[in-house]
Amino acid sequence: MDGAARHGFRVLENEWIKLADGTRLAARIWLPDGAAKKPVPAILEYLPYRKRDGTTARDETNYPVFAEAGYAGVRVDIRGSGESEGLFDDEYSPRELAEGCQVIDWIAAQSWCTGAVGMMGISWGGFNSLQIAALRPEPLKAVISIASTLDRFNDDIHYKNGCHLSAQLSWSGTMLAYSSRPPDPLLVGNRWGEIWRERLEHVPWLLDIWLRHQTRDSYWQHGSISEDYAAIEAAVLIIAGWADGYRNAPPTAAAHLRAPVKAINGPWVHKYPHFAWPKPRADFHAEAIRWWDRWLKGKKNGADKLPAYRAYITEGIRPSTWRAADPGRWVAEKSWPAKGIKPRVLHLNPDRTLDRKARGEGVLAIKSPQDTGTASGEWFTLKPDGELAGDQRGDDAGSLVFETAVLPEAIEILGRPVLRLPAAIDAPTGNLIARLLDVHPDGVATRVSFGTLNLAHRGGNAHPKPMPPGESEPIEIRLDECGHRFRAGHRLRLAISTAYWPMVLPPPTAVTATLKLGASATLELPVRKGGDSIEMPEPANPDPMPHYRELAPAAARRTVERDLNKGTTRYSVHEDSGSHEVPDTGGLVTRELREETYTIAADDPLSAVAQTRWLVERNRGAWSIRTVTTQRLTANATHFLIEARLEAYEGASLVIERRWNERVRREMM
């Protein structure tokens, strides 16, 4: 397809990459002027999110900038998505990764490419960039991975230290909806309907797949970089945000990868740093081009001499589910782990103080209401008003709380706090959740970090063992990575609960946890001296995202409703993208609506019901398609009960309807 000329580059809207089995993957390519005569390195992003009408706006913020800097951009839809042929099977499947290697080889062999390839992406693209790098395709020299994970079991949307995340249901609903979208007839021709129907007939229901792997088995070991850090040889720049569920990956990579690696953690939610919230943003393009120039063009520009870890230290944040900016400053650690960060041990005392001195021995118990956790924010979403945690005082009411005296001087931490204490529960399995909070002088509480543990996973995630009811065992909970400065005049608070709903779905019984306190119960903080800072340039353009013609406005809301008479709580999500016309697509109009509801009775974990519903619409003139997908998850003491439905329409005509209904045994979860 002929390319449309732009400023210093041209765009090939739909190029075909033929795989070894004959399947063709669809690519959008940005080519710098003159690349045909003087080849350039290439940057690959490899996703199931549709280059045509899914990531288009985001792509337009990145690849024109890279093209102007002398790089070809190649945005490829994986098998069975967008205009690519074949059928989608699962996230990060062996086939996906192997075909990614074929794509890299194809790019390197093109006349416009020097043979050097970089790979980048956020979330899915950040994941598979690292996973494909671990397969060592020869042309792949560098990676930029944003909001990703090194451990698919413990640091993704599925499970967190054996606790069942509601994000697993949410994301499987998203992927069922995404997988139901058709290819664009303007790009694939009259076969679009045949391709679409075949996809609909074979689209996998991912919740059923994921829920059948409740331990860290070979399914999750596949694609987990933590299984073999030495496998990666390409240079890695890895980035995340404190307000995102994927906050742990950058410092973990900096500590363990043997390849050249640099890490960054900013204040952001799940977005590229040049348009993320809360601010301050980072000049992602300058960072990326410096990285590409060093490892793809061989320029001696100092990228390899950067500090091992740059992090934003938040300070004085007032909790809110929408924040335009977080106060704080940037710091740098030359090496990671940093020698200047020292552990400070605080004791959990029977009088509920948190102190450097143990003040006697004692026992306290906690049995949290099942709706404790509604101020947690969602583990993973794409909205600033969804991921940010709110004022924690409501959740503290259902928790066992320990608190320092008013701080006479500031305490700055960077790293993972660790809670250690002897604990018992009155059931074979149950969850403990620990939250580290910054309490302001007026009592407002900001969540700094949190950690979870399914106590059956206390000895590891591969082979869980039931807790002997009533018997105390030593427990360790590693809270998530964080960077924060507790101001003088504030207090540190540790809140421990047995529930964290709706982020964490409940175990079969409402357990009571008994904690032994004093010398053996400690919270270890990674304390740094502070007082330093670095400059971290922000992007010049405060609004880099293109704005498409709006035909109907977007809308979003999240609500928590409590029925005091019934003792139930309902958490609801409503996100409507609105209707927009995508430029240069012949008038293609898109709309997507996501609705989720979670309900629970405060005294009954088996009352929990979780549901998702997606509506997807694509229109162009008289051509119109619509898909509706729903999911429902409940549980009894022994099984998860899951069901789903997919309906697809062309105009008013039903094209296909599929239903799933499964029982999956609970494995100490």
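Trainee: How many cavities of 30 Å³ or more does the count come to?

Mentor: A cavity is a space where a 1.4 Å probe fits but cannot get out. In this predicted model, the count comes to 12 cavities of 30 Å³ or more.

Trainee: What volume does the largest cavity have?

Mentor: About 360 Å³. For the second largest cavity, the value is about 130 Å³.

Trainee: Let's stay with the largest cavity. Which residues lie nearest its centre?

Mentor: Look for Trp242, Ala243, Arg323, Arg447 and Val448; they belong to a lining of 27 residues.

Trainee: And which strand gives the largest share of that lining?

Mentor: That's β21, with 5 residues. On the sequence, β21 spans 445–454, and β23 (482–486) also supplies at least two residues of the lining of the largest cavity.

Trainee: How do the residues of that lining divide into nonpolar, polar and charged?

Mentor: You get 12 nonpolar, 8 polar and 7 charged for the largest cavity.

Trainee: Now the second largest cavity. Which residues lie nearest its centre?

Mentor: Here you want Ser166, Glu378, Trp379, Pro502 and Tyr598, out of 16 lining residues.

Conventions: Residues numbered from 1 in each chain as written. Predicted model: local features only at pLDDT ≥ 70, side-chain atom pairs only at ≥ 80, totals over all residues. Heavy atoms only, no water. 1 Å grid on protein atoms, 1.4 Å probe; cavity = no way out; pocket = protein on both sides within 12 Å on 5 of 7 lines; lining within 4 Å. Points joined across faces, edges and corners; volume = space filled by probe spheres on them. Helix = DSSP H or I, 4+ residues; strand = E, 2+ residues; numbered from the N terminus. Nonpolar A, V, L, I, M, F, W, Y, C, P; charged D, E, K, R; others polar.
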